[in-house]
Structures are given as C-alpha cells and as structure tokens.
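User: Hi! Could you walk me through how the pieces of this protein pack together?
Analyst: Happy to, here it is.

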Amino acid sequence: MENLKLFKDLQSLSLSLAELCKNLVVTTTKNRDFYLAISGGSTPRQLFQTLARAQFSDLIPWHKLHIFWVDERCVPMDHPDSNYLLAKQALFDHINLPPDNIHAIRGAAEPNMEALRYAEDVKSSLPKGENGLPRFDLILLGLGGDGHTASLFPTGEAFKPGSENLLCRVAEHPGSRQKRISMNLPLLNGAAEVVFMVSGSEKSGVVADIFLQRDGFNNYPAALVSPESGKLTWYLDHGAAQLLHLG
Ligand code: 6PG
C-alpha cells in the first residue's frame with residue numbers, strides 16, 4: 001500500500017509527520033508562503049508539541065506559514081472543546097507565529113455567517129489550484145470511529161445535493177448535536193497534499209473498512225478524500241493498522 005506509513009506508536013508517528021511538515025514548509029517558503037490546515041481532536045496534540053520543540057521550531061520560518069483549521073466546534077475560543085485552544089496551548093504559545101497568520105474559525109460567532117466569513121478568508125488568502133479552488137499546501141486530517149473527517153459526518157448534510165459547491169458548511173455532531181463549522185470535501189480534495197494521522201486500535205475497524213474497501217466504506221466521508229491533483233498519505237500507528245495484517 002503505497003500511500004501508507006506505519007509507526008509503532010503515536011510518538012514516532014508525530015515525529016515523522018513533524019519532519020514532513022518542516023521539510024515541506026522550508027522547501028516551499030524559499031519561493032512563497034505556505035498554507036496549512038490542521039484538525040482538532042486529541043491525535044494532533046503530540047504533533048503540535050513536537051513542532052514546538054527547538055529541533056523543528058528553530059528551522060521553520062513561521063512568518064511565512066499560514067495556519068487554518070479543517071473544522072471548529074461552535075464554542076468560544078477559550079472553551080476546552082475549542083480546536084483553536086488545543087493548537088494555541090500545544091504550539092502557538094511556544095513559537096513566534098504572527099497573529100495574522102492564524103486564521104481561526106470564530107466558534108462563538110453565528111455559525112452560518114461564520115462559515116461564509118471563513119470561506120471568504122480561505123478564498124482571499126490562498127493561491128488557486130487548476131480547478132479554481134483555493135489550494136492548501138498541506139491538510140492534516142484525523143479520522144473518527146464512524147468514518148468522519150473534519151466535521152463531515154456520515155449522516156451529515158455534506159452529501160446532500162448542492163453541497164458540493166460550498167467551501168465550508170455548518171455541520172452537527174450526530175451524538176452531541178454540537179454545531180461545527182467544517183471545510184467541505186471539494187476544499188479538502190483541492191489540496192496539494194493530504195495526510196491522515198490515525199492512532200489507536202479503536203480506529204482499526206474503520207481503517208480496515210477503508211483500506212480493504214469493505215461493504216459500505218464509501219459512506220465514510222474520510223473514504224471520499226482523494227486529492228484531485230495532490231498526494232494522499234495515511235500515517236497509522238500499529239493499533240490503527242492492526243486489522244490490515246501488514247506484518
Ligand atoms: C475535530 C476533528 C475531527 C477529528 C476526529 C478524530 O474537530 O474533532 O477535526 O475530525 O480529527 O474526530 O479525533 P481524535 O483525534 O480525537 O481521535
């Protein structure tokens with residue numbers, strides 16, 4: 001499986017992914033700014049903390065790096081559920097990233113208006129791909145146990161006709177009913193590079209469904225992430241990959 005990297009644990013996965021991020025940013029920023037979109041949840045924390053370490057942070061030209069989120073919970077930015085707060089505490093508080101380079105989703109704003117505002121921020125900030133959509137240099141995605149990614153849930157409106165031309169949308173967590181603002185599939189698939197970072201045996205079933213294309217895998221939004229003219233790589237630890245029987 002050419003687009004899969006296997007690691008013994010989340011720590012080694014995070015170290016390798018930090019190296020990839022650093023190398024991509026250093027290379028790209030020789031010519032222009034770099035546009036990154038990150039996820040929330042629990043998996044990325046170690047990656048953020050690793051990037052904050054001097055061995056990486058001293059080499060990354062933070063003033064040329066613009067950070068966006070693939071989704072955000074509709075809560076204040078100081079709320080414990082906030083994806084912004086996760087990145088602030090694990091990374092931003094430890095590096096010299098210009099505030100203007102942090103393109104946070106305003107979780108406390110009215111969701112429909114904020115989805116429009118945020119989509120405009122993405123459109124006006126990023127270079128365009130061949131398809132005319134904003135093109136991220138790198139998008140880091142997580143995977144939910146139900147096959148969601150960003151806040152595109154299997155039961156969500158992301159699949160309703162007409163949603164395909166939205167860059168961002170308001171979504172709702174199927175369990176908690178918590179409102180979210182999420183990037184839509186076309187924006188994710190317009191990226192130059194997408195990396196899924198998945199850790200833990202509790203994700204092994206959905207990982208196997210997707211990689212082995214088991215019945216119904218196409219109902220998972222994560223399975224629909226396929227960059228049109230970009231690279232997709234899955235960074236898995238042994239727990240997440242245990243049902244792939246890779247040896
Ligand atoms: C969020 C994330 C979401 C996350 C997955 C995996 O806002 O929660 O963007 O898509 O990546 O739910 O979450 P964990 O990393 O906590 O398993």
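Analyst: Helix 1 (residues 10–28) packs against helix 2 (residues 44–51) at an angle of about 55°, and their axes are 9 Å apart. The model is predicted, so to speak: local features need pLDDT of at least 70, side-chain atom pairs count only at 80 or more, and totals for chains, interfaces and linings use all residues. Residues are numbered from 1 along each chain as its sequence is written, and side-chain values use heavy atoms, leaving out hydrogens and water.

User: What do you call helix 1 relative to helix 2?
Analyst: That angle makes helix 1 oblique to helix 2 (under 35 degrees is roughly parallel, over 145 roughly antiparallel, 65 to 115 roughly perpendicular, the rest oblique).

User: Which residues of helix 1 and helix 2 make the contact?
Analyst: Helix 1 brings Leu10, Gln11, Ser14, Leu15, Leu17, Ala18 and Cys21, while helix 2 brings Gln46, Leu47, Thr50 and Leu51. Contact means heavy atoms within 4.5 Å.

User: New topic: in what order do the three strands of the open sheet come?
Analyst: The order is 4-8-7, with antiparallel pairing. Strands pair if DSSP finds at least two bridges between them; strands are DSSP runs of E, at least two residues, and helices are runs of H or I, at least four, numbered from the N terminus.

User: Which are the edge strands?
Analyst: Strand 4 (71–73) and strand 7 (168–172), since each pairs on one side only.

User: How many bridges join strand 4 and strand 8?
Analyst: Three, and strand 8 covers residues 179–183. Glu72 stands opposite Ile181 in strand 8.

Terms used: Axes fitted to C-alpha atoms, helices over the stretch in contact; angles between N-to-C directions.
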